[in-house]
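Here's a quick walk through the model, meant to be read with the structure open beside you. Take a look first, then come back for the tour.

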Amino acid sequence: MSERKPGIDWIRAAPWLYTAVLFIVWELAVRAFGLPQYILPAPSRIAQAIWQYWPAIWKNSLQTLYTTTVGFALAVVGGLALGILVGWSRFIYAGLYPLMVGFNAIPKVAVVPILVIWFGIGTVPAVLTAFLIAFFPIVVNVATGLATIEPEMEDVLRALGAKKMDIMLKVGIPRSMPYFFGSLKIAITLAFVGSVIAETVAANSGLGHMMLAAQSQFNVPLVWAGLIMLAIEGIVMYAAMAWVEMRMTGWAHRSQMAAG
Amino acid sequence: MTRPLVTIEDVDMRYGGPEGLLAVEGLSLTVGTGEFAAVVGPSGCGKSTLMKLVTGLYIPQRGVVTVADERVTKPVNIVGMAFQNPTMLPWRTTLDNILLPLEVVDRHRGRLRMNKAEYVAKAEKLLETVGLKGFGQKYPWQLSGGMQQRANLCRALIHEPDLLMLDEPFGALDSFTREELWCVIRDLHAEQKVTIVLVTHDLREAVFLADRIFVMSARPGRVIREQAVPFARPRDLEILYEPAFNDIVHELRGNIADARKAA
């Protein structure tokens, strides 16, 4: 069974196959039950809407992509810095961790009104919401990587006269990189959630704003077109981060495979 | 006995404040330069504490630890350490793992970049000594457990320590690999003139390798017996099956059983 047969690689084809089936079932169901398009438009109708409104969709997609990536970049820098700080000492960890958990527990949509008061409606609240929602998993992962250095390793180096800085640079930071790159996939997805939330509540461009406007005009196919675009952007960004993770910390995957 | 390298005099070590756990109490022992000493005892007798006291990772509340004629008040970098867990860094090759201590020890870190070739040659020689010739460019996770432990020994020896502290280094290995590594460490000791303190649960290991064996009591740990091992060096694995060898193991086993009962 394990021998590779020539022909179609079904495992590789599976994601495309399942996606195709989903859309076909959707299309057939809408037709069979005669659902009106304001309840659930058929995929063919949504495709038509994407075609029809392409310039607007393209512009708003780019805006969403822009706010997401800027927010994400800030989250990476901030999260990495804060993660190293938190992982550095037990004292900082003990003090900051409850604060961060409390902060993370606040639904970020509730922060948007405050950001609007400070920065007005537009790009800045969206970027900041993306940042606020995305940095937490990065902090936690980096701090975890630092906090789980094997005590024996630390003993070996400390006995040789290593300073905390040496241990961090030689062991802690490289060791936390797989955790860091692993968290990027989660962070980019969350950043995307954050920016779309902010666009929906307080913006004058972006996919969230476009969908809200389409909804108020009862243009249901356009609302769904926005949704499909969000899904595509989300998948692309996730895949990009998964690729970065593979490239940067291949050793972690290979060493786990060797151990398992 | 030769000039003492390690002296522990009437040491108490308590963890976590004045009411904390007393790990060792009234601990005294001396290890001569070039000697191979083993420390055995029931689990929880403070063997690992002993390791940390000698390397200067812990400073005792009472008593004095002296290494190479200096009272230990901070980490002692003439010591190499190896634990049961090899803790190789998976993102470094085996060779780079072995060179790691040189990036830390003051007297080497400045010279490392300029004299890289010299240090690499030294690491490769060590690899050859432990039977890992040609494995330097492999990553640790490409090596078996026994090979990782060999590399771990190289890392402990790369900065030419005067004292090698081994904390159950062979505990996680199968018995054939363990016996192979006994011979590796036996030969290292003979070649490098390094003083070795081996903490172990394995009495046969202790008797096969050591010149002197310290038996520790249950917590709070102290030395309850000192046993000289009379067998001539170099020792062959065959002595494991000699009656005189088994007599010593048997007697030590009795001491430890008593110590456990007393606890």
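In what order do the four strands of the open sheet in chain B line up? Keep in mind that this is a predicted model. The order is β2-β1-β4-β5, and the pairing is antiparallel. β2 (22-32) and β5 (70-71) of chain B sit at the edges with a single partner strand each, so one side of each has no neighbour in the sheet.

Strand β1 of chain B (residues 4-14) is joined to β4 of chain B (residues 62-67) by five bridges, and the two run antiparallel. As background, strands of a sheet pair through backbone hydrogen bonds, either parallel or antiparallel.

Next up is Thr55(B), in the loop between α1 and β4 of chain B. Is Thr55(B) buried or exposed? Thr55(B) counts as buried, because it has 25 C-beta neighbours inside 10 Å, and the cut-off for buried is 20 or more. Leaving out residues up to four places away in sequence, Thr55(B) has contacts that include Ala159(A), Pro75(B) and Met165(B). Thr55(B) and Asn77(B) are 22 residues apart in sequence, yet their C-alpha atoms are 7.7 Å apart in space.

Now for the nonpolar cores. The largest one has 82 residues, and Val54(B), Cys154(B) and Val197(B) touch the most other members. Not counting residues up to four places away in sequence, Val197(B) touches Val6(B), Val31(B), Ala37(B), Val39(B), Val54(B), Leu163(B) and Met165(B). Another core, of 51 residues, lies apart from the largest one, and Val112(A), Val140(A), Leu222(A) and Met241(A) are among its members. In general, nonpolar side chains tend to be buried together in soluble globular proteins.

Finally, the contact between the chains takes 21 residues from chain A and 23 residues from chain B.

By class, the side of chain A that touches chain B has twelve nonpolar, two polar and seven charged residues.

Key. Residues numbered from 1 in each chain as written. Chains lettered and ligands numbered in written order. Predicted model: local features only at pLDDT ≥ 70, side-chain atom pairs only at ≥ 80, totals over all residues. Pairing = 2+ DSSP bridges. Buried ≥ 20, exposed ≤ 12 C-beta atoms within 10 Å, placed from the backbone. Contact = placed C-beta atoms within 7 Å. Core = buried A, V, L, I, M, F, W, Y, C linked by C-beta atoms within 7 Å. Nonpolar A, V, L, I, M, F, W, Y, C, P; charged D, E, K, R; others polar.
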